[in-house]
Amino acid sequence: MQNHSNYWLIPPKGENMTMMEMFSVQSSISNFIRILTKKDIPVEYYSNDKGDSMTDGQNITISSRINESNIDSVVGLALHEGSHCFLTDFNFIKKRDNKLLMKNLLGHKNIIYLLHNFVEDRRIDNFIYKNAPGYQGYYNAMYNRYFYNKRIDKELKSSNFREEVWESYMFRIVNIFNKNTDLKALIKLEEVYNIIDLKNIDRLKSTKDTFKVALDIYKIINSYISQLPIKKQERHNKNNVINKAFKSQENFINGKTPKSKTSKYIKELLNTVKKAGLKSKKVQFTNPEGVILKQPVTIIPNITNNLINNKFMGLFDSGINPKGYKNSIEKGLIKGKKLLKQLKIRNEEQRLETNHLKKGKLDPKRLYAANYTNDIFKKIDIKSYKKINIHLSIDGSGSMKGFKWENTLENTTAIAYVSTQLNNIDLKVSIRTTAEEPLSKSKLIPVLIMAFDSTKHNINHINKLSNFNIRGLTPEGICLEALNDYIEPSSYYLDSYLINMSDGMPTFISNIGKYKGNQAIKDTARVINLISKKRVKIISYFIQGEPDSYHKKAENNFKQMYGRNAKFVDTNDINTITKTLNELLLKKDLVS
């Protein structure tokens with residue numbers, strides 16, 4: 001059966017969750033609870049193999065051990081705990097001992113607590129079930145897990161828990177609404193059923209009301225049991241063993257799920273993900289055997305100092321910044337300033353004024369003729385250079401390290417400088433790479449880093465690219481498909497370009513499958529075709545070292561992916577890129 005959570009998460013099959021899956025669950029549950037309670041209640045993880053949840057009225061903790069089999073019940077339990085934060089009077093709960101002391105009932109407080117918590121659960125769950133029908137699937141999963149399972153069903157139909165003792169009553173009261181319950185199993189059970197009156201449970205408006213019901217149940221059963229022979233009670237207590245399933249139910253009702261908090265590392269990791277605004281997008285690719293697979297891509301929307309200082313996922317390092325990279329950025333700034341002098345013309349406008357018109361804008365110079373002619377209007381036609389959006393996407397694989405990355409930084413900096421100085425050129429820079437999944441070091445994930453945006457950043461932000469740790473693989477088409485969402489289509493007023501700089505063939509291996517060979521080349525071509533359909537113009541540069549036997553094959557593969565206009569650039573002649581970009585930016589394409 002499909003999980004309700006599949007609408008926003010595909011949980012791992014029998015595996016621990018990844019960083020982004022954990023964050024997705026945490027965020028979704030936080031949103032559900034915010035909608036439910038109208039409060040920002042913190043949701044955190046803790047280590048527990050069973051996947052339980054709990055609350056103290058102020059915070060909710062959920063298990064970090066979530067998989068395909070328990071995800072819906074974990075969400076249901078978290079919502080249940082959230083409804084406690086919304087509806088349960090925790091101040092009253094703190095005063096229960098005093099109220100029991102006044103009634104001389106402290107001796108049986110554990111029984112009364114369980115009865116009260118049970119009735120309170122029925123009240124709040126009924127409220128949520130009726131008023132938030134979208135959560136019903138999660139609640140059903142929670143009840144199926146804790147109350148409607150085969151072990152409980154078997155016990156209810158068995159000869160067990162039929163002696164007139166508290167253990168029997170508590171087990172059968174907790175499961176009194178199970179379809180297999182037998183109200184004749186105990187003398188007072190049907191009377192208890194009528195006191196709870198689940199069909200009219202919404203008559204109970206507060207935690208105080210449910211406490212009164214719990215006391216009524218206790219008094220009826222206790223007055224009956226206390227009249228029974230003591231020996232019979234003792235014999236049962238000595239021989240009866242409450243099974244694990246009932247113990248789990250007791251813990252659920254009393255909120256005594258294990259409280260071992262998750263590691264500080266996971267908490268800090270998820271806080272970093274939240275602050276950095278990381279996203280995840282599932283894209284498809286075809287493995288070498290021709291099977292289409294789904295692969296999540298982690299998207300980092302901005303390079304922040306926090307990510308750099310924390311060496312996030314091994315992608316950044318404040319201590320890298322080698323001298324060669326700094327020099328490249330300085331050279332790029334010089335090149336950008338020279339390029340700007342040639343491009344200042346792009347900020348200019350052409351104005352054509354037409355006079356003696358019969359309609360249009362009133363011409364003040366022709367007002368003298370207003371009484372005897374109607375050609376006193378004029379029209380001003382202003383033409384400017386068409387706006388250009390450039391998305392520069394860079395291959396951040398390990399093979400780009402060294403001279404290739406230095407030259408790429410130089411050209412990227414030059415274009416970035418120009419884009420920050422001209423009104424009608426916008427530049428976005430992204431990096432495609434891979435990283436180790438933080439919660440599973442043996443697992444690689446594709447990463448798309450949105451490194452620079454001229455509409456948000458000043459030129460100083462480009463320095464953060466020198467802190468990028470170049471060491472990943474080449475998930476070419478996988479990352480480009482995720483990037484497609486960020487590339488604006490061309491229009492009458494806008495020319496959109498995708499400029500690619502890379503040096504290798506698509507290669508990526510994860511726990512999902514392999515991405516390499518002819519299928520990966522075809523897959524990248526498929527994605528480039530998708531982008532081209534938005535009338536985006538593709539300019540691709542293959543940055544190579546010394547030509548060798550690999551050169552000819554690589555050239556054919558590269559053109560298959562990016563089209564016939566794909567260019568090979570020698571690292572010793574990197575100015576080829578600048579030259580073609582000059583021609584692009586100086587193109588006289590005027591619009592009114």
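Analyst: Here is a walk through some of the aromatic rings, one pair at a time. Please keep in mind that this is a predicted model.

A search of the whole structure turns up 17 aromatic pairs. A pair of aromatic rings is described by the distance of the centres and the angle of the planes.

Let's begin with Phe-32 and Tyr-138. Where do the two residues lie? Phe-32 belongs to helix H1 (residues 19-37) and Tyr-138 to helix H6 (residues 136-146), so the pair ties together parts that are 106 residues apart in sequence. Are these residues buried or exposed? Phe-32 has a relative accessible area of 15%, and Tyr-138 has 6% relative accessibility. Buried means under 20%, so Phe-32 counts as buried, and so does Tyr-138.

Now for another tilted pair, Tyr-143 and Phe-147: the distance is 5.4 Å centre to centre, with 35° between the planes. Both Tyr-143 and Phe-147 are buried. They also belong to a cluster, in which ring pairs link Tyr-143, Tyr-146, Phe-147, Tyr-148 and Phe-252.

Phe-147 has a charged neighbour as well: Arg-122 lies over the face of its ring, at 5.9 Å from the ring centre. A further example of a charge over a ring involves Arg-96, whose charged end sits over the ring of Tyr-113, 4.0 Å from the centre of that ring.

Terms used: Residues numbered from 1 in each chain as written. Predicted model: local features only at pLDDT ≥ 70, side-chain atom pairs only at ≥ 80, totals over all residues. Heavy atoms only, no water. Phe/Tyr/Trp six-rings, centres within 6.5 Å; stacked < 30°, edge-to-face > 60°. Helix = DSSP H or I, 4+ residues; strand = E, 2+ residues; numbered from the N terminus. Buried < 20%, exposed > 50% of the residue type's maximum accessible area, 1.4 Å probe, protein only. Lys NZ or Arg CZ within 6 Å of the ring centre and 35° of its normal.
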